[in-house]
Amino acid sequence: MRLILASQSASRRAMLEAAGVPFEAQPAMVDEDAAKASLGAIAPRDLADALAELKALKVSHRNPQALVLGSDSLAVLEDGTILSKPRDREEAAKHLEMMSGKRHDLVSAAVIAEAGRPVWRHVDRARMFVRPLSDSFIEAYLDAEWPEISGCVGCYRIEGPGVQLFSRFEGSQFTVLGMPLLPLLGYLRERQVLGA
């Protein structure tokens, strides 16, 4: 069975490659802002799941014989504010200021579609504790990491300098990287994409 990753995410591709999962990548090209607006006010967990499903279904309709993996992540502040990918460096700085010295949840969802319908899904959450960040640190961090983090929810790549933002986190590192990998690998073994 062929697996297609419906994503342009370098982090998600790297996770699958490192785990030895055979796949190809086809970006879903979903307008996430329009999708969020059409879904209305729903819980962050449900929103991440819905966006992951939308991506999987879009590519699945073009590839009905394959398993198509869609994934999405959201950063949710303690007050319930959902942070999307920053539109520009100024917004990235604002996001970092909002997270400074606080906890946020990172919600990562994965959905597999086959023949245009979802057949598997999993949503996981990691709790992220950002240390207090000075203005000078934020500027130096963005000097080093922008525009590479422009496609990253929360403005960080935990596998790179973004790890310096945190005092600790609770949950799976794979979830932080953007995909609940271990449950996904279990399903891929069930479907014999991977050996048992």
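User: What makes a helix crossing right-handed?
Analyst: A crossing is right-handed if the near helix is turned clockwise from the far one by less than a right angle. In this predicted model, the crossing of H4 and H5 is right-handed.

User: Why are H4 and H5 called oblique to each other?
Analyst: Helix H4 (residues 89–99) packs against helix H5 (residues 135–145) at an angle of about 135°, and their axes are 10 Å apart. Roughly perpendicular covers 65 to 115 degrees and roughly antiparallel begins over 145, with the rest oblique. H4 and H5 are therefore oblique.

User: Which residues make the contact of H4 and H5?
Analyst: H4 contributes Arg89, Ala92, Ala93, Leu96 and Glu97, and H5 contributes Ile138, Glu139, Tyr141, Leu142 and Asp143. By class, six residues of this contact are nonpolar, four are charged and none is polar. Tyr counts as nonpolar, so Tyr141 of H5 falls in the nonpolar class.

User: What is the handedness of the crossing where H2 passes H3?
Analyst: H2 passes H3 in a right-handed crossing.

User: What makes up the contact of H2 with H3, by class?
Analyst: Glu32, Ala35, Lys36 and Leu39 of H2 meet Leu47, Ala50, Leu51, Leu54 and Lys55 of H3. The residues of this contact comprise six nonpolar, three charged and no polar.

Definitions and conventions
Residues numbered from 1 in each chain as written. Predicted model: local features only at pLDDT ≥ 70, side-chain atom pairs only at ≥ 80, totals over all residues. Heavy atoms only, no water. Axes fitted to C-alpha atoms, helices over the stretch in contact; angles between N-to-C directions. Helix = DSSP H or I, 4+ residues; strand = E, 2+ residues; numbered from the N terminus. Parallel < 35°, antiparallel > 145°, perpendicular 65-115°, else oblique. Contact = heavy atoms within 4.5 Å.
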